[in-house]
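Here is a brief report on a single chain. It covers charge pairs, packing and the sheet.

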Amino acid sequence: MTTSSSERGVSLGMPELPAPAYPDDVRERLERDAREIVARYPDSRSALLPLLHLVQSEEGHVTRTGMQFCADVLGLTTAEVTAVATFYTMYRRRPSGDYQVGVCTNTLCAVMGGDAIFEELQEHLGVGNGETTDDGKVTLEHIECNAACDFAPVVMVNWEFFDNQTPASAKRLVDDLRAGRDVEPTRGARLCTFKETARILAGFPDERPGAVEESGSAGPASLVGLRLARGEAAPPRVVHPRDGGPHDEPQDRTVHQPSPTEHLSSHDAPQESSASDPAHPAGPVAEEGE
């Protein structure tokens with residue numbers, strides 16, 4: 001006995017209709033911006049990433065219409081454009097909020113409280129990962145490393161940093177965003193909407209007065225290693241004995257002034273390697289094939 005496709009749970013359906021076109025005025029504006037983007041590159045195909053940000057700035061996510069537009073401008077197939085748009089997580093494939101709130105749940109942020117922040121925000125906002133609040137203000141997601149481990153746990157809003165967060169501070173943050181109150185990132189320019197952020201990522205200038213000057217640089221914790229690498233001396237610190245003897249401090253404690261190349265602990269001193277210690281070579285000891 002044979003079974004029909006519906007009985008097997010297979011839906012043949014109708015072929016998907018072509019993506020609707022942008023209105024004429026919108027397409028004309030986007031084509032003007034697209035020409036400016038494409039002109040930056042010797043190979044037009046290289047303009048695909050910023051073009052995807054451009055169409056994302058129009059609707060808040062990359063639609064089929066946006067991908068068809070990119071394909072038309074660059075002479076690509078929609079399959080080629082779709083392959084790129086679905087590979088990078090910065091391109092949204094469905095409607096999302098004005099503010100993308102990303103909680104880092106990678107290793108260090110997670111153990112420092114990122115998992116707790118994400119769980120409490122889901123309950124507080126009543127949404128799951130990748131979902132948007134009913135008012136269309138906030139889309140919540142967990143994200144991978146933001147390269148800001150020295151400020152863990154980190155939350156990002158439209159790719160701006162909010163460092164050293166707690167569940168309480170993160171909940172205040174999303175409440176302020178939903179209420180329309182001014183929110184200042186720990187580092188970087190003041191917030192703009194996700195659509196505005198996408199246009200900046202497409203390579204167009206941030207036209208808000210003073211926004212570029214607000215961008216700043218890395219935070220102080222991130223610059224410690226750079227200062228040491230440049231040979232700048234670390235601040236004085238007391239070095240306690242490590243010989244297992246008594247640790248009672250004398251009346252006049254000696255403050256050691258470390259040099260930039262000095263190792264204050266045996267744990268970070270150079271270790272012997274196979275290159276410096278022939279008696280303990282690294283790698284396999286047997287000949288190939290034995």
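## Salt bridges across the chain

Glutamate 120 and lysine 171 meet through their side chains in a salt bridge, 3.0 Å from N to O. The model is predicted. This pair links distant parts of the chain: glutamate 120 sits in helix H5, lysine 171 in helix H6 (residues 167–179), 51 residues apart. Glutamate 120 is partly exposed, at 32% relative accessibility. Lysine 171 is also partly exposed, with a relative accessible area of 25%.

A salt bridge also joins the side chains of lysine 137 and aspartate 98 (3.9 Å, N to O). Here too, distant parts of the chain are linked: lysine 137 lies in the loop between S2 and S3, aspartate 98 in the loop between H4 and S1, 39 residues apart. Lysine 137 counts as partly exposed at 28% relative accessibility. Aspartate 98 is partly exposed, at 30%. The structure holds 11 salt bridges.

Arginine 27 forms a salt bridge with glutamate 31; the closest N and O atoms are 3.0 Å apart. Both residues lie in helix H1, 4 residues apart, about one turn of the helix. Arg27, Glu31 and Asp72 are linked in a network of salt bridges. Arginine 27 is partly exposed at 25% relative accessibility, and glutamate 31 is partly exposed at 28%.

## Nonpolar cores

The largest nonpolar core has 24 residues; Leu51, Leu52, Leu54 and Val81 touch the most other members. At least two residues of this core come from each of helix H1 (24–38), helix H2 (48–59), helix H3 (64–74) and helix H4 (78–85). Beyond its neighbours within four places in sequence, valine 81 contacts Leu48, Leu52, Met67, Cys70, Ala71 and Leu76. A second, separate core of 19 residues includes Val101, Val103, Ala170 and Leu173.

## Helix H7

Which residues of helix H7 (residues 194–201) are buried? Phe194, Thr197 and Ala198 are. Seen down the axis of H7, its buried residues fall within an arc of 100°, so they line one face of the helix. Their cover includes H2 and strand S1 (99–104). Glycine 203 follows H7, with a positive phi near 105°.

## The sheet

5 strands form an open sheet with mixed pairing, in the order S2-S3-S1-S4-S5. Strand S2 (131–132) and strand S5 (160–162) are the edge strands, each pairing on one side only.

Strand S4 (residues 155–157) and S5 run antiparallel, joined by 3 bridges. Valine 155 stands opposite phenylalanine 162 in S5. Helix H5 (residues 107–125) lies across S1, strand S3 (138–143) and S4, running at about 140° to S1.

Notes. Residues numbered from 1 in each chain as written. Predicted model: local features only at pLDDT ≥ 70, side-chain atom pairs only at ≥ 80, totals over all residues. Heavy atoms only, no water. Core = buried A, V, L, I, M, F, W, Y, C linked by side-chain atoms within 4.5 Å. Buried < 20%, exposed > 50% of the residue type's maximum accessible area, 1.4 Å probe, protein only. Contact = heavy atoms within 4.5 Å. Arc of directions from axis to C-beta. Pairing = 2+ DSSP bridges. Axes fitted to C-alpha atoms, helices over the stretch in contact; angles between N-to-C directions. Salt bridge = Lys/Arg side-chain N within 4 Å of Asp/Glu carboxyl O.
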